[in-house]
Amino acid sequence: MDAIPVTITRRGAGETTRTDVWWGTPLAIFVGLSLFVAYSTWAAFQNAHYTYGPYLSPFYSPVIWASPGDTAGLEHAWLGVKPDWIPALLPFSPALLILPFPGLFRFTCYYYRGAYYKSFWADPPACAVGEPRNSYLGEQWFPLILQNVHRYFMWIAVIFLFILSYDVWLAVWFPNPATGATEFGVGLGTIILTVNVVLLSSYTLGCHAMRHVAGGAHDEVSKHPFCDKAYACSTALNYKHQLFAWMSLISVAFSDIYVRLCSMGIWSDVRFL
Ligand code: FES
């Protein structure tokens, strides 16, 4: 049978025969991620209003060192006051020390890669839409091969889940001004921080790399009942990975906003118990 020659014409940047609103999702992702990066960067440099009562903003947790004189921050600091060997000229904030770790976990997430490759790099902007470049090196080459560190950052993200869960535990112990002791209570902030941990856990435990770990790296996971169940649980979360990626992103930013505005006296925390 004779071979039939096929000619494929390369589309120019943004060229497409699609008639739907194909640019709507990439534009929404561009706006959403830009807002988050702008707000979280601003919040990380503030080094103020990151605690309120027993609440600690997740952007600042854990507080390794706090600035001298920051009494509220020092109550949460693991190692006390910022040491002298940190140059005074460098901008300092407890958030700047820890945010790169969850930040890089998200940056290298398989879902976010697909989202920002389209929205920020137009590579391509959407399916069947022309892209503004003629070559594609993929993730097997530098620099995108570095995205493979995701599987290691996943373990750091799991450690953060334990730390943020501990912050929820601390968020139920309110100071009693009359006695000076702490007493059990539940405020709106407690609930917001709890929901945040649930959403972050749903996002992290449904990670593609976590599925591999949960399955015990077996070729035939169905022959290993425990791993099979763990793999099924992780897969169930993975089906909604995009949803949890966005909900946890919003909840972590909103948790910081809530603590910040309560600390600034703009919002009042509501106590239920
Ligand atoms: S693939 Fe999204 S968190 Fe790992």
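Visitor: How many helices and strands are there in the protein?
Guide: The protein has 10 helices and four strands, where helices (H or I, at least four residues) and strands (E, at least two) are DSSP runs numbered from the N terminus. This is a predicted model, in which local features need pLDDT of at least 70 and side-chain atom pairs count only at pLDDT 80 or more, while totals for chains, interfaces and linings use all residues. Residues are numbered from 1 along each chain as its sequence is written.

Visitor: What pattern does the protein follow along the sequence, and what box do its C-alpha atoms fill?
Guide: The pattern is α-β-β-α-α-α-α-α-β-β-α-α-α-α. Taken along the principal axes, the box is roughly 90 × 50 × 40 Å.

Visitor: What makes Cys 127 count as exposed or buried?
Guide: The number of C-beta neighbours inside 10 Å decides: 20 or more is buried, 12 or fewer is exposed, and in between is partly exposed, with C-beta atoms placed from the backbone. Cys 127 has 9, so Cys 127 counts as exposed. Cys 127 sits in the loop between α5 (110-119) and α6. Its C-alpha atom is 20 Å from that of Gly 32, and the two residues are 95 apart along the chain. Over the protein, 29% of the 273 residues count as buried.

Visitor: Why is His 241 called partly exposed?
Guide: His 241 has 18 C-beta neighbours inside 10 Å, so His 241 counts as partly exposed. His 241 lies in helix α10 (residues 241-263).

Visitor: Which residues does His 241 touch?
Guide: Leaving out residues up to four places away in sequence, His 241 touches Tyr 111 and Gly 206; contact needs C-beta atoms, placed from the backbone, within 7 Å. Tyr 111 is 130 residues from His 241 in sequence, yet their C-alpha atoms are 7.5 Å apart. Of the protein's contacts between residues at least 6 apart in sequence, 66% join residues at least 24 apart.

Visitor: At what angle do α4 and α6 pack?
Guide: Helix α4 (residues 100-107) packs on helix α6 (residues 150-170) at about 130 degrees, with the axes 9 Å apart. Axes are lines fitted to C-alpha atoms over the stretch in contact, and angles run from 0 to 180 degrees between N-to-C directions. Under 35 degrees is roughly parallel, over 145 roughly antiparallel, 65 to 115 roughly perpendicular, and the rest oblique. That makes α4 oblique to α6.

Visitor: Which residues of α4 and α6 meet?
Guide: Phe 101, Pro 102, Leu 104 and Phe 105 of α4 meet Phe 153, Met 154, Ile 156, Ala 157 and Phe 160 of α6. By class, this contact of α4 with α6 has nine nonpolar, no polar and no charged residues. Nonpolar covers Ala, Val, Leu, Ile, Met, Phe, Trp, Tyr, Cys and Pro, charged covers Asp, Glu, Lys and Arg, and the others, Gly among them, are polar.

Visitor: Why are α7 and α10 called roughly antiparallel?
Guide: The axes of helix α7 (residues 188-205) and α10 cross at roughly 155 degrees and come within 8 Å. The helices are therefore roughly antiparallel to each other. Their contact includes Leu 193 and Leu 200 of α7 and Phe 244 and Val 252 of α10. By class, the contact of α7 with α10 has 14 nonpolar, six polar and no charged residues.

Visitor: Which residues of α5 are buried?
Guide: In α5, Tyr 112, Ala 115, Lys 118 and Ser 119 are buried. They cover an arc of only 135 degrees around the axis, so they are on the same side of α5; the arc is that of the directions from the helix axis to the C-beta atoms. The buried residues of α5 pack against α1 (24-46), α4 and α10.

Technical notes
Two residues are in contact if their C-beta atoms, placed from the backbone, lie within 7 Å.
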